Amino acid sequence: MDTRIKLRVQGLTNSQIQSGVYTLILAEEEGIRRIPIIVGTSEAQSIAIALERILPPRPLTHDLFTSFAQAYGTRLREVFIYKFEDGVFYSELFFDDGTNQVRLDSRTSDAIAIALRTNCDIYTTPQIVEECGLVLEEAVTAEEGEEDLAAYSLEPEDIQDEEEMKKWLSLLDDEELMDRMEEAIANENYEYAKMYKDEIRRREEEEK
């Protein structure tokens with residue numbers, strides 16, 4: 001039995017922390033968890049074009065790759081996000097030409113851009129969803145979030161320096177971090193949610 005989890009591309013959001021950076025949101029096909037993945041400008045552009053079904057005047061790299069595979073009778077069957085390590089997602093492309101089957105390693109952003117052009121399925125492991133997924137059902141109400149935020153005068157958008165951001169996160173207690181993460185999820189601000197979740201994960205690893 002296949003225990004992998006099927007994903008769909010929910011969309012892209014602009015980074016509110018760093019310019020030229022975007023967050024790709026993958027969602028469980030049959031679930032409520034969301035996986036945010038940071039991508040660069042060129043990758044975000046290619047993914048956005050595929051999502052909006054825009055036909056560029058000249059083929060982009062991912063368009064050319066897709067056309068090349070199709071010209072030689074090779075079909076992309078699936079994308080599999082198989083590992084998350086040191087903040088990086090690892091993926092592979094599974095190709096089938098009817099006779100031979102090949103798996104190729106790929107950056108996740110490239111794999112998603114190609115998957116959108118070929119309408120192939122995207123999968124990941126339960127472990128990755130458990131570690132990186134953000135659960136919507138645990139979101140707090142707006143009133144609860146406002147009460148908790150009253151204790152802190154700063155917000156992430158007020159901090160421009162990465163080191164200062166790390167220092168500010170370290171000053172928040174565990175309950176506040178969880179409250180902020182849940183509020184960010186409720187507002188679909190997945191970049192902030194990921195930032196808070198990473199800090200929670202860092203503390204959990206320190207306690208081991």
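Start by selecting Val9 and Leu26: in strand E2, Leu26 is the bridge partner of Val9. The model is predicted, with local features needing pLDDT of at least 70, side-chain atom pairs counting only at pLDDT 80 or more, and totals for chains, interfaces and linings using all residues. Residues are numbered from 1 along each chain as its sequence is written, and side-chain values use heavy atoms, leaving out hydrogens and water.

Now show the whole chain, with its eight helices and eight strands. Of its 208 residues, 44% are buried (under 20% relative accessible area, 1.4 Å probe, protein chains only).

Then select Pro36, Phe84, Phe89, Cys132, Leu134, Lys194, Lys197, Asp198 and Arg201, which line the largest cavity. A cavity is a set of points on a 1 Å grid over the protein atoms alone where a 1.4 Å probe fits but cannot get out; lining residues have an atom within 4 Å of a point. The volume, about 40 Å³, is the space filled by probe spheres set on the points, which are joined across faces, edges and corners.

Finish on helix H8 (residues 190-207), which supplies four residues, the largest share of that lining.

Methods
1 Å grid on protein atoms, 1.4 Å probe; cavity = no way out; pocket = protein on both sides within 12 Å on 5 of 7 lines; lining within 4 Å. Helix = DSSP H or I, 4+ residues; strand = E, 2+ residues; numbered from the N terminus. Buried < 20%, exposed > 50% of the residue type's maximum accessible area, 1.4 Å probe, protein only. Pairing = 2+ DSSP bridges.
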